[in-house]
Amino acid sequence: MNHVQLVGTVASQVRLDEFGTGTDSPRTKATFLCAVRRRNKSQEPDWIRVETWGVQAQNLVRFNGKGSRVAIAGHLRGNFYNPEGKERGGELRLSVVAESITYLSAPKAQDGAVQEPAPRSRK
């Protein structure tokens, strides 16, 4: 079974790409780096590539940005990257394909900064 669950911080700008033009409705893909704290609570986090598709990608860009806390559920995808154009070998690049993303911080403001939640009144 290939299933991944992460909780972390969006650590890079979310990049939005559209594929397909013309009469076809374009497919949308969002990619970003997610910083996830290690189990031993060391200072350095793990940096994980994450991608998501469709409406979820569009909403991620619209409501979140760098610094947002997110919970991700998805699966791993591995591809070989070979910049020299060789047929075999290369570097294995893993990424998480997010099937669902839960937003754990407040939505971002119009200027792109993440809004702080309003203080709650105590009764």
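Colleague: Which strand is Lys29 found in?

Modeller: Bear in mind that this is a predicted model. The strand in question covers residues 27-36, and Lys29 is found in E3.

Colleague: Okay, and is Lys29 buried or exposed?

Modeller: The relative accessible area of Lys29 is 18%. The cut-off for buried is under 20%, so Lys29 counts as buried.

Colleague: Which residues does Lys29 touch, leaving out those up to four places away in sequence?

Modeller: With those sequence neighbours set aside, the contacts of Lys29 include Glu51, Thr52 and Trp53. Residues 46-53 make up strand E4.

Colleague: What about the largest pocket: which residues lie nearest its centre?

Modeller: That pocket has a volume of about 300 Å³, and 14 residues line it. Lying nearest its centre are Lys29, Arg49, Glu51, Arg93 and Ser95.

Colleague: Which strand gives the largest share of that pocket's lining?

Modeller: E3, E4, E5 and E6 each supply at least two of the lining residues. By class, the lining has four nonpolar, five polar and five charged residues. The largest share is four residues, and they come from E3.

Colleague: Now the pairing: how many bridges join E5 to E6?

Modeller: E5 spans residues 69-81 and E6 spans residues 91-103. The two run antiparallel, and Ala71 has Thr102 as its bridge partner in E6. The number of bridges joining E5 to E6 is 12.

Colleague: And which residue in E5 is the bridge partner of Gln5?

Modeller: Strand E1, residues 4-10, runs antiparallel to E5, with six bridges joining them. In E5, Gln5 is partnered by Ala73.

Definitions and conventions. Residues numbered from 1 in each chain as written. Predicted model: local features only at pLDDT ≥ 70, side-chain atom pairs only at ≥ 80, totals over all residues. Heavy atoms only, no water. Buried < 20%, exposed > 50% of the residue type's maximum accessible area, 1.4 Å probe, protein only. Contact = heavy atoms within 4.5 Å. Pairing = 2+ DSSP bridges. 1 Å grid on protein atoms, 1.4 Å probe; cavity = no way out; pocket = protein on both sides within 12 Å on 5 of 7 lines; lining within 4 Å. Points joined across faces, edges and corners; volume = space filled by probe spheres on them. Nonpolar A, V, L, I, M, F, W, Y, C, P; charged D, E, K, R; others polar.
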